Amino acid sequence: MNTFSFMTQMAMLALALGIVHQPFGAYLARTFTSRRHLALERGLYRLSGVDPQADQHWKVYLRSLLAFSAVSILVVFLGQLLQGVLPLNQGHGAVDPWIAINTAVSFATNTNWQTYVPEATLGLGVQMLLLAVQNFLSAAVGLAVVVALVRGLVRSETSRIGNFWVDLARGAIRVLLPLSVVGAVVLILTGVVQNWGGTDIHTLAAHAAQTVPGGPVASQEAIKELGTNGGGYFNANSAHPLENPTAFSSLFEVFLLLLIPFTLPAMYGRMVGDRRQGHTVLTVMVAFWLASSTLMAWAVGAYARTGTGVGEGFEQRFGAAPSAIFATATTLTSTGAVNVAHDSLPPLAGGLAMLNMMLGEIAPGGVGSGLYGLLVLAIVAVFIGGLMVGRTPEFLGKKIGAGPMKLVAFYILTTPVLALAGTSLTVAIPSLSANAPAAGPHGFSEILYAFTSAANNNGSAFGGITTSGPPLAAMLALVMLLGRFVPIALVLALAGTLAGQRKVPDTAGTLATHGPLFATLLGGVSLLVAALTYFPALALGPAAEGILK
């Protein structure tokens, strides 16, 4: 591990993200608080019969979101089954139904788990018109949910938290679309492929050449990272030289996947009328990101110093530093894109990648999901702080009583139950556990990683288990569905509950939810929730594997 290279790249990322943080955060706040609708948006509302002026009760907001997501899953599923008769199929026929339903659920839930080889299974039409579109829409859904929660914190004595269709349109049209265009242009300039021919010929040696699939890669790559989606155009994902050709493109892709999640705290601070709230949340996110990146670099570097070096599965073109940076960023967010095979990570690094997801992907997390996950944990921190001083906990003027805490408790329990129950069931059934090719602790780690990734809507994997039979594909699809929409339902219910309250003024005994003290409390609560829940499973997998090695 080149320490100077690692520190330089981390500094460049921090500088770039810091420069855009406040300006882009202000733009996001204006986007979701503006009363004006763009002409394109008005046209969409008229076509779909949506009244953009109608605020929705949280239950109506949730029903709209679930109906939209159900239609998305159905369209992507049927599109894959009909691929053979659709245009731009490049000779590819219908996709296996089990793979098709897993893929449809995966892309609609922002997981982008790929149990197929994209370039050998899908044509341009499905890649562009179905999967890339879902990359926009699933990310816009996450943005809509976090904006609804912030409105719940800001509003009082109302049952309305906004209009899902307006929030969805604004997130896709005003935020994700223009950013993805700029990102795609930059990626094209770095050498990422963008063509219609479907193939590119690249010289490998003086007298040898290889024909490899091409296509509209840069445009899909941009939204894949911006939307923290992760589904690659190629099976090798961002380790493929046509998706990630240079050291700069590798770093730029990490910047894209961190851009929106790290900027949302600035939006949050502006929308609640107290920028210090956003600064505190950002501090916790950055602290976890820096700590995890440093530990990942140390773990990979220690592996390289054993004398074997970083071997198969690692980034050989640019050195080990980009692998550590990318692996950390993609598991701390819900992206799941990779430029290193996570199955090749040494045990400590692989366990750290899992722990990043087990934290709830809050540092900075996925588009929308990272911030609303951390705000839920902030409510837990407020509740604990209130108990310490013997007061009814308050968060931004809202009392945190039994009702909100029940919703928070269910939210915290949902993904661990899904991940650990799925893992234990798979391990207990030989026909399911056989999908993990490795034996012993690493085989257990492959299964644990798969269900942790699915439950947290990440999509990365320890590579051996990405190809599975119908039973495991169905189980993972179910976990992805529940892992996405149960927390969303609980967050929207929490938003509605908080919006219905009357704001209470701060007093001398009110716990300040900004500043170093609360940031420390929030970070400690976030770490303890994951550590206490997942420690036994991590001990059986990565920890045991590390000891045996």
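Analyst: Accessible areas come from the Shrake-Rupley method with a 1.4 Å probe; for residues, only the protein chains shown count as cover. By that method the chain has about 20800 Å² of accessible surface, and 69% of it belongs to carbon and sulfur atoms. This is a predicted model: local features need pLDDT of at least 70, side-chain atom pairs count only at pLDDT 80 or more, and totals for chains, interfaces and linings use all residues. Residues are numbered from 1 along each chain as its sequence is written, and side-chain values use heavy atoms, with hydrogens and water left out.

User: Why does the radius of gyration of the chain agree with a compact globule?

Analyst: The radius is taken over C-alpha atoms, and the globule rule is 2.2 Å times the number of residues to the power 0.38. For 549 residues the rule gives a value near 24 Å; the chain has 22 Å, so the two agree. The C-alpha atoms fill a box of roughly 75 × 60 × 45 Å along the principal axes.

User: Why is N135 called buried?

Analyst: Buried means under 20% relative accessible area (exposed is over 50%, partly exposed in between; 1.4 Å probe, protein chains only). N135 has 0% relative accessibility, so N135 counts as buried. Across the chain, 58% of the 549 residues are buried.

User: Where does N135 lie, and what does N135 touch?

Analyst: N135 is in helix α6, residues 124-154. Helices (H or I, at least four residues) and strands (E, at least two) are DSSP runs, numbered from the N terminus. Contact means heavy atoms within 4.5 Å. Leaving out residues up to four places away in sequence, N135 touches F107, N112, Q220, I223, K224 and N229.

User: What makes a space a cavity or a pocket?

Analyst: The search uses a 1 Å grid over the protein atoms alone. A cavity is a set of points where a 1.4 Å probe fits but cannot get out. A pocket is an open set with protein on both sides within 12 Å along at least five of seven lines. Lining residues have an atom within 4 Å of a point. Grid points are joined across faces, edges and corners, and a volume is the space filled by probe spheres set on the points.

User: What are the volumes of the largest pocket and the largest cavity?

Analyst: The largest pocket has about 630 Å³. Of its 36 lining residues, N235, A236, N237, V338 and A341 are closest to its centre. The largest cavity has about 370 Å³. Its lining has 25 residues, with G360, E361, Y411, T415 and N456 nearest the centre. Helix α18 supplies the largest share of that lining, five residues.
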